[in-house]
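Reader: I have the sequence and the coordinates open. Please take me through the packing step by step.

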Amino acid sequence: MPASSDHSFQRRLLLAGMASALVLAAGCSKKAKPQGKTLPKEAVLLCLGDSLTYGYGATAGAGYPQQLEQLTGYVTKNAGINGDTAEGALARLPGLLQENTPGLVLISIGGNDFLRNMPLDRTRAALKSLVQTAAASAQVVLVAQPKPVFLSAAAGSLNDHEVYAEVAKETGTPLFSDGWSYVLSRSELRSDQIHANAEGYKVFAERLAAWLRDMKFLA
C-alpha cells in the first residue's frame, strides 16, 4: 500500500474512533441522574404525602418532616394526611404551593392507591400531574413507596413499586428510592406492617438528608 494511502486509512480510523467516542459520551450524558440546585437556607421544604409523611405510628412531632428539619436546618411543612391517595394529594397541591411557596416539594404518595387496588393508570397519571404541577414553581423530588407485598405478615426485603421509576424517568425528576422499602423491611423500625415507628422515621430522614446533600439540593 502506498504511503499516502496508508496515511489516509489511518486518518479515517482516527476520525471513526473520535466519532464513536462522541456518541458514547452523548449516551452517557443522557443517562446521568438529574441533580438539584442548592436551596438557600430560607427555602421551605414541602413534604406532601400520606400517613408515612404524617408520621402515623409515632408520637406527635416525630414524623420524618420534623426530623428532616432538625437534621438540615431547613423549615419543613408536613403536608401528610392519613389515608390520602395520589389524586387526593393532587387536589391539595395548588393550595399548598400558594400557601407555602416552597423551594422543594417532596412527593411521597401512592401506597393507599395500591392498598385499595386503584387502577395503576390513574395513580401513574396523578403522580405525573403532581410532579408537573409542583415543578412549575419549585424543585421536585419523587419518593418511592413499596409494592403492596409489604402487607404480608412475613414481610422481608421490600421493593419499590415500579411506577415511581417510570414517572421519574418520563418527567426527568430525581427519585429517592429504597427509603421506605428499607425502613419497612425491618421490624425494629416499624410500628405495624405498613408504618414506621419514631426510630424508623428518624432513619428515613437521615437517609433522605444524606441523599439530598449528595444530589446538591442541600449544602
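Predicted model: local features only at pLDDT ≥ 70, side-chain atom pairs only at ≥ 80, totals over all residues.

Reader: Are helix 6 and helix 7 roughly parallel or oblique to each other?

Author: The axes of helix 6 (residues 120-135) and helix 7 (residues 162-171) lie 10 Å apart, at an angle of about 40°. Roughly parallel would need an angle under 35 degrees. Helix 6 and helix 7 are therefore oblique.

Reader: How is helix 4 oriented relative to helix 6?

Author: Helix 4 packs against helix 6 with the axes 9 Å apart and an angle of about 10°. Angles under 35 degrees count as roughly parallel. So the orientation of helix 4 to helix 6 is roughly parallel.

Reader: How many nonpolar residues are in the contact of helix 4 with helix 6?

Author: Helix 4 contributes Ala 86, Glu 87, Ala 89, Leu 90, Leu 93 and Leu 97, while helix 6 contributes Arg 122, Thr 123, Ala 126, Ser 129, Leu 130, Thr 133 and Ala 134. Sorted by class, three residues of this contact are polar and two are charged, and the nonpolar ones number eight.

Reader: Which strands stand at the edges of the sheet?

Author: The sheet is open, with five strands in parallel pairing and the order 2-1-3-4-5. Each edge strand has a single partner, so one side of each is left without a neighbour in the sheet. The edge strands are strand 2 (75-80) and strand 5 (175-176).

Reader: Which residue of strand 5 is the bridge partner of Leu 142?

Author: Strand 3 (residues 104-108) and strand 4 (residues 139-143) pair in the parallel sense over four bridges, and Ile 107 stands opposite Leu 142 in strand 4. Strand 4 is also joined to strand 5 by two bridges, again running parallel. There, the bridge partner of Leu 142 is Leu 175.

Reader: How many residues of strand 4 are buried?

Author: Buried means under 20% relative accessible area. Strand 4 has five residues, and it is largely enclosed by the rest of the structure because the buried ones number four.

Reader: What angle does helix 3 make with strand 2?

Author: Helix 3 (residues 64-72) lies across strand 1 (44-49), strand 2 and strand 3. Its direction relative to strand 2 is at about 170°.

Terms used:
Residues numbered from 1 in each chain as written. Heavy atoms only, no water. Axes fitted to C-alpha atoms, helices over the stretch in contact; angles between N-to-C directions. Parallel < 35°, antiparallel > 145°, perpendicular 65-115°, else oblique. Pairing = 2+ DSSP bridges. Contact = heavy atoms within 4.5 Å. Nonpolar A, V, L, I, M, F, W, Y, C, P; charged D, E, K, R; others polar. Buried < 20%, exposed > 50% of the residue type's maximum accessible area, 1.4 Å probe, protein only.
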